[in-house]
Amino acid sequence: VEFIVYLLQKYVDNFSSPYKATFGEVHFMLFFAACINALQSVLLAVLASRESEKTWVQTEHLDIHNYALIRLQYKEVTEKLKAMEGDVESSEEEDKHAQEPWYVELSSKKLWRGLKQRVKYPALKRKHEILLLQIRYHELRVHFIKANNLPKKFVVSDYLKRSEIQVFKKL
């Protein structure tokens with residue numbers, strides 16, 4: 001780009017230096033924006049891989065006995081939240097809620113209820129979310145293993161980390 005500006009200055013008579021100065025400033029700002037973008041991408045990749053490493057690997061190492069305890073804890077925490085809110089729901093409806101896809105959570109009623117619970121009972125709501133994450137991860141892991149005819153000992157977290165690295169390399 002600078003070469004084109006040099007050629008214009010050399011061979012075009014009415015090409016003035018203010019245009020060159022303005023072009024240089026714009027060129028520098030674009031370069032600066034590209035550097036900031038690259039820095040943000042690297043930072044995002046590092047933070048995301050750290051968080052996924054922590055979440056996926058820890059959740060992967062839960063055995064079936066711990067999973068059953070987590071399901072019980074989840075039901076207890078859900079019942080506590082509902083009792084505090086004065087909302088009574090059957091255990092069958094709770095199981096349905098635990099198996100609902102993530103986008104169902106975006107309905108306005110559930111969204112506002114979740115925000116209200118997060119403000120009123122932050123520790124209990126955080127525990128509820130952690131337990132729900134572990135339950136959903138385990139169920140998705142089992143579904144993935146069955147759907148692809150993989151051995152039960154298959155480590156899904158390693159597969160997910162390799163997939164994540166491939167995505168970050170494309171960025």
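In this predicted model, the largest nonpolar core has ten residues. Its members are Tyr-67, Ile-70, Tyr-74, Val-77, Leu-81, Tyr-121, Leu-124, Leu-131, Leu-132 and Ile-135. Two elements, α3 (64–85) and α6, each give two or more residues to this core. Helix α3 provides the largest share, five residues. In soluble globular proteins, nonpolar side chains tend to be buried together.

Helix α6 spans residues 122–147 and has 26 residues. From its first C-alpha to its last, α6 reaches 37 Å, close to the 38 Å expected at 1.5 Å a residue. Buried residues of α6 include Leu-124, Leu-131, Leu-132 and Ile-135, which also belong to the core. The buried residues of α6 also include Lys-125, His-128, Gln-134, His-138 and Arg-141. Leu-124 is in contact with Val-77, Lys-80, Leu-81 and Met-84, leaving aside its neighbours within four places in sequence. Asn-149 follows α6 and has a positive phi, near 50 degrees.

Ser-52 counts as buried because its relative accessibility is 7%, and buried means under 20%. A polar atom of the Ser-52 side chain lies 3.1 Å from the backbone oxygen of Ser-49. With neighbours within four places in sequence left aside, Ser-52 is in contact with Val-57 and Glu-164.

Terms used:
Residues numbered from 1 in each chain as written. Predicted model: local features only at pLDDT ≥ 70, side-chain atom pairs only at ≥ 80, totals over all residues. Heavy atoms only, no water. Buried < 20%, exposed > 50% of the residue type's maximum accessible area, 1.4 Å probe, protein only. Polar contact = N/O pair within 3.5 Å; in protein donor to acceptor, adjacent residues only side chain to side chain. Contact = heavy atoms within 4.5 Å. Helix = DSSP H or I, 4+ residues; strand = E, 2+ residues; numbered from the N terminus. Expected span 1.5 Å × (residues − 1). Core = buried A, V, L, I, M, F, W, Y, C linked by side-chain atoms within 4.5 Å.
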